[in-house]
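This report goes through a few selected features of one protein model. The sequence and the structure come first, and the description follows.

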Amino acid sequence: MKHSSIISYLVLSMSSILVSACFKKPTPTFEKDIASIIFNNCTKCHNPNGVAPFSLTNYENIKKRAKTIAYVTKNRMMPPWPADPSYTHFVGEKLLTESQIQLLQDWVSAGCPIGDLSKAPQAPVYKYKSSLGKPDLVLEYKDTLFIKGNNLDQFYLMKFPFELQKDTIVSAIEFVPGNTKVVHHVNGHIIQYDKGKKSNIYAGKNIINSESIEASEVYNTLEVANDDGTYPILTQSAVNYLPGVLPTVYPDGLFGFRLHKQGAFLFKDIHYGPSSRDTFDVSRINVFFAKKMPKRVTRELQMGTLGVTDIEPPLVIPPNEIKRFITKAKINKDISILTINPHMHKLGKSFWAFAITNKGDTIPLIKIKKWDFNWQYFYTFKKMVKIPAGSTIMVEGVFDNTIHNKNNPFHPPQEVAERAGSMRASDEMFQFIITLMDYELGDESISLEP
Ligand code: HEC
């Protein structure tokens, strides 16, 4: 330390002694300050039924991890929220204020004083394996799935047949990973059987390793077809999961679709990331029913990989390069955006999406300055966002294929590309999925807070 900085350090610390002598700030306590910060911002995931690997629900289990809590909050690693809050805001935004972060630091430095525990707020109780409350229907794997510790990605096809009392309107579907260490992503569809078309919906296999089967054999092996050999309706992408994702729920009456009395969830690929140890998974699907059908139809616009817009230039990332790609979509009628989902894999560095109207105005959508593979939320806007006809939606993804990217799956770096839409974490994807409706007057003021 140079002299000048020692002096300024002394001056600073003296002035802070003076200040604290004048306005003595009380030391934060668990009772008065900390319990409410943790219970409001962390416990939704950190509870015995939540997605996080340990609970933060009482003084003991919070104190036990106090040092790490101070560290991860100071560095804004927790609560996880990759989207830049100075660009756009979303429902359920998880961010601590500077003063909350400071309270946590001060509390831990002071040795985690407890205060009067009998007056401290109580942690919310999450009774169900769900972030949405009590599900109306729960479907769990029938058998525990064994995942071999061979350090390879593994892909499965799965079918979960179900039978309801009658056709039912569904407002939300949630995938709850059993083993969060290995479940990477799920894209789930629903097979909907028309009345009397299928006598045994439980026939056929329920789980197949995708790599052990030809695509043309999948439907036969799962015995998906109707009794007369025709195929049932497939409701696409009804439930999705990516690391850290909590399900999307909309205000009552805005979203829903009809679930036929007889059907099956179909995961065309459930992806398990590489594991070095043999392990197991039992994941589940929670279904939430609604009272009535919504008046309006929601649609999806999928841009980039596997979507309707091209990536420019094609997604090939040479080794030792940081490379930028774009994909754009022209919007030809007024739409209202509800939810967006940016998606990239491990070379992702930053992600940015916005719309430009034909008058040249910019409508911000999302900016993620530091891409985080572990937190790929579906971001729902606080209010619907109108995109007028004639606008262009622009998406920019920057990928880092250098050794400086800690998540680079290859050492030394190798060329990484999109391989026919492969979802392997060591191949890349650049995707932007938009959930939208046709615009109606006044949409801009419709709140999407559930
Ligand atoms: C959206 C769900 C979610 C929220 C909200 C959340 N966490 Fe976490 N947290 C997780 C998950 C999942 C992990 C495990 C990550 C992993 O294994 O890589 C984790 C890990 C941690 C760790 C361990 C980090 C390490 O490297 O050992 C700490 C400490 C932590 N969280 C504290 C908090 C605190 C404090 C809050 C609130 C201010 C919070 N979390 C909010 C999901 C969440």
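## Strand pairing, ligand shell and aromatic pairs

Ser-350 stands opposite Val-398, a residue of strand β19. The model in which this pairing is found is predicted. Strand β16, residues 348–356, and strand β19, residues 392–400, are paired in the antiparallel sense, and 8 bridges join them. Both belong to an open sheet of 4 strands, whose order is β14-β19-β16-β17 and whose pairing is antiparallel. Its edge strands are β14 (322–330) and β17 (362–368), each of which pairs on one side only. From one strand to the next, the twist averages 15°.

Strand β11 covers residues 284–289; 5 of its 6 residues are buried, so the strand is largely enclosed by the rest of the structure. Strand β1 (residues 137–140) runs antiparallel to β11, and 4 bridges join the two. Within that pairing, Glu-140 has Arg-284 of β11 as its bridge partner. Strand β4 (residues 168–176) also pairs with β11 in the antiparallel sense, over 6 bridges. Here Val-170 has Phe-289 of β11 as its bridge partner.

| Strand pair | Sense | Bridges |
|---|---|---|
| β16 and β19 | antiparallel | 8 bridges |
| β1 and β11 | antiparallel | 4 bridges |
| β4 and β11 | antiparallel | 6 bridges |

The next topic is the ligand. It is surrounded by 20 residues, and the closest are Cys-42, Cys-45, His-46, Pro-53 and Met-78. For His-46, a polar side-chain atom lies 2.8 Å from a nitrogen atom of the ligand. How do the residues of the shell divide into nonpolar, polar and charged? There are 15 nonpolar residues, 4 polar and 1 charged. Helix α4 (residues 66–74) supplies the largest share of the shell, with 4 residues.

Aromatic pairs number 27 in the structure. In one of them, Phe-30 and Tyr-59 have ring centres 5.2 Å apart and planes at 75°, so this pair is edge-to-face. The pair links distant parts of the chain, since Phe-30 lies in helix α2 (residues 30–41) and Tyr-59 in helix α3 (residues 59–64), 29 residues apart. Both Phe-30 and Tyr-59 are buried.

Phe-255 and Phe-257 form another edge-to-face aromatic pair, with 6.3 Å from centre to centre and 75° between the planes. Are these two residues buried or partly exposed? Phe-255 counts as partly exposed because its relative accessibility is 24%, and the cut-off for buried is under 20%. Phe-257, with a relative accessible area of 16%, is buried. Ring pairs also link Trp-81, Phe-90, Trp-375, Tyr-377, Tyr-379 and Phe-381 into a cluster.

Where does Glu-428 have its place? Glu-428 is in the loop between β20 (416–417) and β21 (430–438). Its relative accessibility is 1%, so Glu-428 counts as buried. Glu-428 and Leu-137 are 291 residues apart along the chain, and their C-alpha atoms are separated by 35 Å.

Terms used: Residues are numbered from 1 along each chain as its sequence is written. This is a predicted model: local features need pLDDT of at least 70, side-chain atom pairs count only at pLDDT 80 or more; totals for chains, interfaces and linings use all residues. Side-chain values use heavy atoms; hydrogens and water are left out. A residue is near a molecule or strand if one of its heavy atoms lies within 4 Å of it. A polar contact is a pair of N or O atoms within 3.5 Å; within protein, one must be able to donate a hydrogen and the other to accept it, and residues adjacent in sequence count only if both atoms are side-chain atoms. Ala, Val, Leu, Ile, Met, Phe, Trp, Tyr, Cys and Pro count as nonpolar, Asp, Glu, Lys and Arg as charged, and the others, Gly among them, as polar. Two strands pair if DSSP finds at least two bridges between them. Axes are lines fitted to C-alpha atoms, for helices over the stretch in contact, and angles run from 0 to 180 degrees between N-to-C directions. Rings of Phe, Tyr and Trp (its six-membered ring) pair if their centres lie within 6.5 Å; planes under 30 degrees apart count as stacked, over 60 as edge-to-face and the rest as tilted. Buried means under 20% relative accessible area, exposed over 50%, partly exposed in between (1.4 Å probe, protein chains only).
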